Amino acid sequence: MDGTRSGNLRTGLLALAAGLFLLRFVPQLPPVPAVAVLALLGLALLPFRSYPLGLFLLGFSWACTSAQWALDDRLDHTLDGRTLWLEGRVVDLPDVREGVVRFQLAEPHSRRAELPQLLRLSWYDGPEIRAGETWRLAVNLKRPHGLVNPQSFDYEAWLLAQRIGGVGTVKSGQRLSEADGSAAWRDRLRQHMLADDPHGRAGGLAALVLGDSSGLSVADWRVLQDTGTVHLLVISGQHVTLVAGMFYGLVSWLARMGWWPRSLPWLPVACLLAFSSALSYSLLAGFEVPVQRACAMIGLVLLWRWRFRHLGITLPLLVALAAVLLLEPLAVLQPGFWLSFGAVGLLILIFAARLGAWAWWRTLGRAQWAMTVGLLPMLLALGLPVSASSPLANLIAVPWVGFVVVPMALLGTVLLPVPWLGEALLWVAGFSLEWLFHLLGLIADWLPAWLPSALPFWAWLLVALGAFLILLPVGVPFRSLGLIMLLPLLFTPVERPAERRAEVWMLDVGQGLSMLVLTRNHALLYDAGPSFGDFDMGERVVLPSLRALDVRALDMLLISHSDNDHSGGAEAVARGIPVKRVGSGEAPALPAALSAEPCVDEKWTWDGVSFRTWRWADATDSNQSSCVLIVEAGGERMLLTGDIDSRAERALTDSGLELQAHWLLAPHHGSRSSSSWALLKSAAPAAVLYSRGKHNAYGHPHPTVVSRYQAFSATAYDSVETGALRIRLGAFDAPYALREIPRFWREK
């Protein structure tokens, strides 16, 4: 292939990939007829010099078509919240945590309705479930729906990328057939690995060998995130490449030593053996999308090494990129896709222009430095934490995992049928992994991960350009300017409310409550969301959202009362950022670590914004003990009521406080026992806020309560429909709902 043809191929692949990339950024999918027209136009342009535009249009039209198929396979609206009997086969390895079994059911069928091809189900206190089994289940079905906040995991995008069309909770079920197939074999292997766990690291070994991360605890994930080493315990291209490299290196070493048969060309054998080993490991790990991506890249690189090395290294990368996206266009919705290809591109940039050979330690150190700096803009764009300790942690962990843990774990797995030998190797692998986690824990305590505030586009662009300049070879003009361009990370001004104004955020925490009140120089958090087992809203939603909004400390953490849906995330918030003062209507019932003060009738002013707290002195239960907060800015008042009931509401109306408010948080999430006529007459709200979970078990808000607010012509804002809601108190304008930001995968 000559240079011209090679250049045309690169141009065409770039155009095709760009069209496929565009799917990630479109707010809404084009209508089907428009997509068909784009595809036909792309085909018509292919024979001419405008072929790059044709490939771009073809890539975009295919991505839109594939995404539309996934959206069309979602659970029908008429089935949302209904319970049906259905049958299906369990695929992949079930995840068992805190007494909850989560698993995927493929090709479910019911006599009463048409269902999506893949469901994600949860069974609380359910029986043991194995991959490959067939079950008949009674399932409460739900359409995909996730929380939408200034910064949190996009569950709806993840479900669509996995092509999961619905979720549900299992009420009861019956096993119809035992496990069979490769999934069942993987499950049996996992059970064998977990049966004998002297170091408590069998979960980590299962993650490395089988791609099953359910055995990693929340504390483990926190350590990995703080040290930037998550990629080491989640099977990725690095692991598959390591296995392929071991076999390729073995054949290459034998040939170099003169021990390889001269009649057998070593290079094609090395490439075929490396790819076969990578494919075998990928199948063992479940062959999920990230592993498929790694296999495709390795296969193309090995083919390039065998026959097409003269074309340069960028061509196989572009072929792999286009191939992965053609096979699964929805991969662009997953952060792992951007990080893996970004990492490969950075390594090419760093090592393609080096002069002479580097020592192994210098090569590894340079690679970790490049990953830390080069992936910084991508981490910021994806809203992921930045680990300053990543270079040091990876310098230790990469060779430790790559050359000790993974080989020992894989060899031990293969040799499990040999008495004692397989178990001994797995014991050594678990022992070494335990020591690695101990060391990473020390590093994480010393320098935890950092989540910068959300940057405006101009600031992000400066940071990206600065990172690129820093990674250029020494001697390139203006390279040192890159360090200056990183300063927006620390000094980008964040817009805060003016004097006598407040910014109030009702965060989307499901069936719970968390509201943030910001003034010019102060921040108050009213409640911190719930905590369910290892899923803590304080850690997963509230804390990242606070950091995204540039809240680095709280002047007050006010927990209305001790119910889990209001206080569950409080400890995580207090661990994550400094809190000057903690108050609560049930201070003695909160964890001692919070050092909470009792809520009393108190009034204060921050930056021209007035605050007032109140608690019913004669409260007899937890809900009645809720600490009520009144905030007034520029003549616009908000009343936050916790979970008070009608009796506490009567006491509040009789307290003599000025209660007329433009905004009223519906007491107790809109429960029938609250929002009495007495309170509504005193508050006369223009708008009511409902903070609740979709399909919650309590039926909040109750229809009678909804009709009561309608009688007062109060505009309703429901967190299920709005996501996180921003209110500029004192401006008397309409609120801003994050769910209104168009995303084609987001449930309306």
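Tutor: We start in the loops, then turn to a helix and to the aromatic rings.

First, the ground rules. This is a predicted model, where local features need pLDDT of at least 70, side-chain atom pairs count only at pLDDT 80 or more, and totals for chains, interfaces and linings use all residues. Residues are numbered from 1 along each chain as its sequence is written, and side-chain values use heavy atoms, with hydrogens and water left out.

Find H700. It sits in the loop between β19 and α26. Helices (H or I, at least four residues) and strands (E, at least two) are DSSP runs, numbered from the N terminus. H700 counts as buried because its relative accessibility is 10%. Buried means under 20% relative accessible area, exposed over 50%, and partly exposed in between, with a 1.4 Å probe and protein chains only.

What does H700 touch, beyond residues up to four places away in sequence? The list is Q511, H668, H669, G670, S671 and R692. Touching here is contact, with heavy atoms within 4.5 Å. With Q511 there is also a polar contact, side chain to side chain, at 3.1 Å. A polar contact is a pair of N or O atoms within 3.5 Å; within protein, one must be able to donate a hydrogen and the other to accept it, and residues adjacent in sequence count only if both atoms are side-chain atoms.

Now step from H700 to P701. The peptide bond between them is cis, with omega near -10°. P701 is placed in the loop between β19 (687–690) and α26 (703–711). Most residues other than glycine have a negative phi, and most peptide bonds are trans.

Two residues have a positive phi without being glycine. One is D527, with phi near 70°. D527 lies in the loop between β8 (523–526) and β9 (531–532). It counts as buried because its relative accessibility is 0%. The other is F732, with a phi of about 55°. F732 is in the loop between β21 (725–729) and β22 (736–737).

One more loop residue is T641. Look between β17 (636–640) and α24 (646–653). T641 is buried because its relative accessibility is 0%. Its side chain reaches the backbone oxygen of L665 at 2.8 Å. Leaving aside neighbours within four places in sequence, the contacts of T641 include Y526, S626, V628 and L665.

Next, a helix. Helix α2 covers residues 32–45, 14 residues in total. From first C-alpha to last it reaches 20 Å, close to the 20 Å expected at 1.5 Å a residue. That expected span is 1.5 Å times one less than the number of residues. The buried residues of α2 are V35, G42 and L45. Seen down the axis of α2, these buried residues fall within an arc of 90°, so they line one face of the helix. The arc is that of the directions from the helix axis to the C-beta atoms. They pack against α3 (51–72). The face turned away from the buried side carries exposed residues: V32, P33, V37 and L40.

Last, the rings. Rings of Phe, Tyr and Trp (its six-membered ring) pair if their centres lie within 6.5 Å; planes under 30 degrees apart count as stacked, over 60 as edge-to-face and the rest as tilted. By this rule there are 21 aromatic pairs. Take Y248 and W266: their centres are 6.1 Å apart and their planes at 65°, so the pair is edge-to-face. It links distant parts of the chain, with Y248 in helix α9 (residues 237–256) and W266 in helix α10 (residues 266–284), 18 residues apart. Y248 is buried because its relative accessibility is 18%. W266, at 28%, is partly exposed.

Compare W427 and F431. Their centres are 5.5 Å apart and their planes at 5°, so the pair is stacked. They are four residues apart in helix α17 (residues 421–446), so about one helical turn separates them. W427 is partly exposed at 43%, and F431 is partly exposed at 38%.

Ring pairs also join F21, F25, F337, W338 and F341 into a cluster. Charges meet rings too. R136 lies over the face of W85, 4.5 Å from the ring centre. R201 lies over the face of F437, at 4.0 Å. A charge sits over a ring if NZ of Lys or CZ of Arg is within 6 Å of the ring centre and within 35 degrees of the ring normal.
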